[in-house]
Amino acid sequence: MMIAERFTKEAREAVKAAVRDAERVHAGEVGVEYLLLALLDAPVLAGFDLPREELEAAFRDYRRKGGLTKADAEALRGLGIDVDQVIDSVEQSLGSGVLRPGPRRRWFGLPLEPAFKKTLENLLREARDLGHSYLGNEHIVLALLQSKGIVAEVLNERGVTYGEIRKRAASARAR
């Protein structure tokens with residue numbers, strides 16, 4: 001069976017929605033944050049407080065900071081570097097949003113950022129480890145949580161943990 005055939009209809013739709021959302025906002029590439037936003041209504045995330053507007057604001061701030069997570073900013077703060085102050089200064093000199101990655105040249109379609117590609121690889125591993133023969137939204141969320149980037153940080157801050165989603169994914173199989 002081909003990998004694409006193993007994706008559930010819902011998981012396929014989530015990936016397509018992520019690409020559409022990135023295109024809609026003229027993003028330079030499809031980032032993992034678009035994948036999470038496409039999954040907000042997935043049953044595996046039911047019961048968690050994940051307001052779209054709040055998440056979108058966190059992701060905008062992340063992009064504004066050139067991809068630095070809160071943990072990165074904290075580490076720099078420990079070295080006496082105030083990231084927000086540096087960014088404000090740079091933006092005053094060079095313009096708003098100057099640190100955000102810009103669109104890359106492409107022939108057609110929107111490229112996937114490396115973290116997005118890695119998430120797709122990791123969801124295969126998650127499904128296999130759970131003994132599932134399909135690739136579903138629960139595997140995507142597990143793969144997102146497995147990474148150490150902004151999506152995992154944002155989810156963990158809101159109580160969405162790898163352990164909890166893994167329990168839900170395992171019980172989904174039992175049903």
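This is a tour of a predicted model, going from the whole chain to single residues.

**Before selecting anything**

Residues are numbered from 1 along each chain as its sequence is written, and side-chain values use heavy atoms, with hydrogens and water left out. Because the model is predicted, local features need pLDDT of at least 70 and side-chain atom pairs count only at pLDDT 80 or more, while totals for chains, interfaces and linings use all residues.

**The whole chain**

Of the 175 residues, 39% count as buried, a term for under 20% relative accessible area, with exposed meaning over 50% and partly exposed in between (1.4 Å probe, protein chains only). The accessible surface comes to about 10100 Å², of which 54% belongs to carbon and sulfur atoms; such areas come from the Shrake-Rupley method with a 1.4 Å probe, and for residues only the protein chains shown count as cover. If contacts (heavy atoms within 4.5 Å) with a separation of 6 or more are considered, residues 24 or more positions apart account for 63% of them.

Select residues 137–146, which form helix 8, a mostly covered element in which nine of the 10 residues are buried. The buried residues include N137, E138 and H139 as well as I140, V141 and L142.

On the helix 7 side, T119, N122, L123, E126, A127 and L130 meet H139, I140, L142, A143, L144 and Q146 of helix 8. By class, this contact of helix 7 with helix 8 has seven nonpolar, four polar and one charged residues, with Ala, Val, Leu, Ile, Met, Phe, Trp, Tyr, Cys and Pro counted as nonpolar, Asp, Glu, Lys and Arg as charged, and the others, Gly among them, as polar.

**L144**

Within helix 8, centre the view on L144, which counts as buried because its relative accessibility is 1%. Leaving aside neighbours within four places in sequence, L144 is in contact with V32, L35, L36, L39, T119, V151 and A152. The C-alpha atoms of L144 and L155, 11 residues apart along the chain, are separated by 9.1 Å.

**Helix 4 and helix 9**

Next select residues 52–64 (helix 4) and 150–157 (helix 9), which pack at an angle of about 140° with their axes 11 Å apart. Helix 4 and helix 9 are therefore oblique to each other, given that angles under 35 degrees count as roughly parallel, over 145 as roughly antiparallel, 65 to 115 as roughly perpendicular and the rest as oblique. Display the side chains of L55, A58, F59 and Y62 in helix 4, which meet I150, V151 and V154 in helix 9. The residues of this contact of helix 4 with helix 9 divide into seven nonpolar, no polar and no charged.

**Two loop residues**

Move to the loop between helix 8 and helix 9 and pick K148, which is exposed, with a relative accessible area of 76%. K148 and A71 are 77 residues apart in sequence and 10.0 Å apart in space, C-alpha to C-alpha.

Finish at H26, in the loop between helix 2 (9–24) and helix 3 (32–38). H26 is exposed, with a relative accessible area of 68%, and its phi is near 60°, a positive value in a residue other than glycine. Most residues other than glycine have a negative phi.

Definitions and conventions. Axes are lines fitted to C-alpha atoms, for helices over the stretch in contact, and angles run from 0 to 180 degrees between N-to-C directions. Helices (H or I, at least four residues) and strands (E, at least two) are DSSP runs, numbered from the N terminus.
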